[in-house]
Amino acid sequence: MTSTAKERLEGFLDRMKKYKIKDYQVLYGEFTFESGYKLTKRLSKIPDAIIAGNDLMAFGVIEALKERGLVVPEDVSVTGFDDMFFSKYYKPSLTTVRQDLYEMGKQAGKVLFALISGKKIRKKEYILPTEIVIRDSVKERRA
């Protein structure tokens with residue numbers, strides 16, 4: 001499991017614990033459309049919400065739900081992670097977590113330039129800010 005996948009999972013599990021949510025299931029797959037599709041097809045019980053590991057998986061989830069005759073978000077809310085360019089144009093538009101890809105590339109470029117220049121660099125962890133982008137794939141929560 002990649003470090004980013006592990007961190008996403010840990011964040012999810014942390015929130016489940018914080019809000020005392022015990023009725024959930026974690027399925028592991030690849031970060032692909034096909035994986036989201038196949039994992040959703042395997043579900044025997046459809047939950048109220050599916051939180052996919054990334055946007056590609058979320059698109060696969062939505063397609064599998066449509067094939068079951070379910071409507072997103074009326075029957076099931078779906079979220080992704082990454083805010084890919086296509087996410088706002090997908091139907092329904094995908095609620096997702098946005099990462100600052102420019103800043104991610106900038107930091108990677110600095111490290112790459114240092115390595116090419118022959119500099120020794122210490123292993124360093126960069127934590128970039130994220131932002132949730134609410135779109136049409138989640139049902140509005142009523143208190």
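Is R15 buried, exposed or partly exposed? With a relative accessible area of 38%, R15 is partly exposed, where buried means under 20% relative accessible area, exposed over 50% and partly exposed in between (1.4 Å probe, protein chains only). The legends below start with the whole chain and then move to the close-ups.

This is a predicted model, in which local features need pLDDT of at least 70, side-chain atom pairs count only at pLDDT 80 or more, and totals for chains, interfaces and linings use all residues. Residues are numbered from 1 along each chain as its sequence is written, and side-chain values use heavy atoms, with hydrogens and water left out.

**Figure 1. The whole chain, with its 4 helices and 4 strands.** Helices (H or I, at least four residues) and strands (E, at least two) are DSSP runs, numbered from the N terminus. Reading from the N terminus, the order of elements is α-α-β-α-β-β-α-β. Along the principal axes, the C-alpha atoms fill a box of roughly 55 × 35 × 30 Å. Of the 143 residues, 31% count as buried. The accessible surface comes to about 10600 Å², and 56% of that belongs to carbon and sulfur atoms; these areas come from the Shrake-Rupley method with a 1.4 Å probe, and for residues only the protein chains shown count as cover. Contact means heavy atoms within 4.5 Å, and among contacts between residues at least 6 apart in sequence, 63% join residues at least 24 apart.

**Figure 2. The largest nonpolar core, with 15 residues.** A nonpolar core is a set of buried Ala, Val, Leu, Ile, Met, Phe, Trp, Tyr and Cys residues joined through side-chain atoms within 4.5 Å. The residues with the most contacts inside this one are I50, I62, L65, V78 and L94. Helix α3 (residues 55-67) supplies the largest share of the core, 6 residues. In soluble globular proteins, nonpolar side chains tend to be buried together.

Figure 3. Helix α4 covers residues 101-116, and at 1.5 Å a residue its 16 residues should span 22 Å; the expected span is 1.5 Å times one less than the number of residues. The end C-alpha atoms are 22 Å apart, which agrees.

**Figure 4. Two salt bridges, R15 with D14 and K66 with E63.** A salt bridge is a side-chain nitrogen of Lys or Arg within 4 Å of a carboxyl oxygen of Asp or Glu, and a search of the whole structure finds 8. The side chains of R15 and D14 meet at 3.6 Å, N to O. D14 is partly exposed, with a relative accessible area of 39%. K66 and E63 meet at 3.5 Å, N to O, and both lie in helix α3, 3 residues apart, about one turn of the helix. An α-helix has 3.6 residues a turn, so residues three or four places apart point the same way. K66 is partly exposed at 40% relative accessibility, and E63 is partly exposed at 25%.

**Figure 5. The salt bridge between D83 and R98.** The closest N and O atoms of this pair are 2.7 Å apart. D83 lies in the loop between β2 and β3 and R98 in strand β3, so the pair ties together parts that are 15 residues apart in sequence. D83 counts as buried at 13% relative accessibility, whereas R98 is partly exposed at 32%. Salt bridges that share partners join D83, R98, E131 and R135 into one network.

**Figure 6. D82 and S93 in the loop between β2 and β3.** The loop runs between β2 (77-79) and β3 (96-99). D82 is buried at 18% relative accessibility, and its side chain makes a polar contact with the side chain of R8 (3.2 Å). A polar contact is a pair of N or O atoms within 3.5 Å; within protein, one must be able to donate a hydrogen and the other to accept it, and residues adjacent in sequence count only if both atoms are side-chain atoms. Not counting residues up to four places away in sequence, D82 touches R8, N54, D55, T96, V97, R98 and Q99. S93 is buried at 8% relative accessibility. Leaving aside neighbours within four places in sequence, S93 is in contact with S87, K88, R135, D136 and S137.
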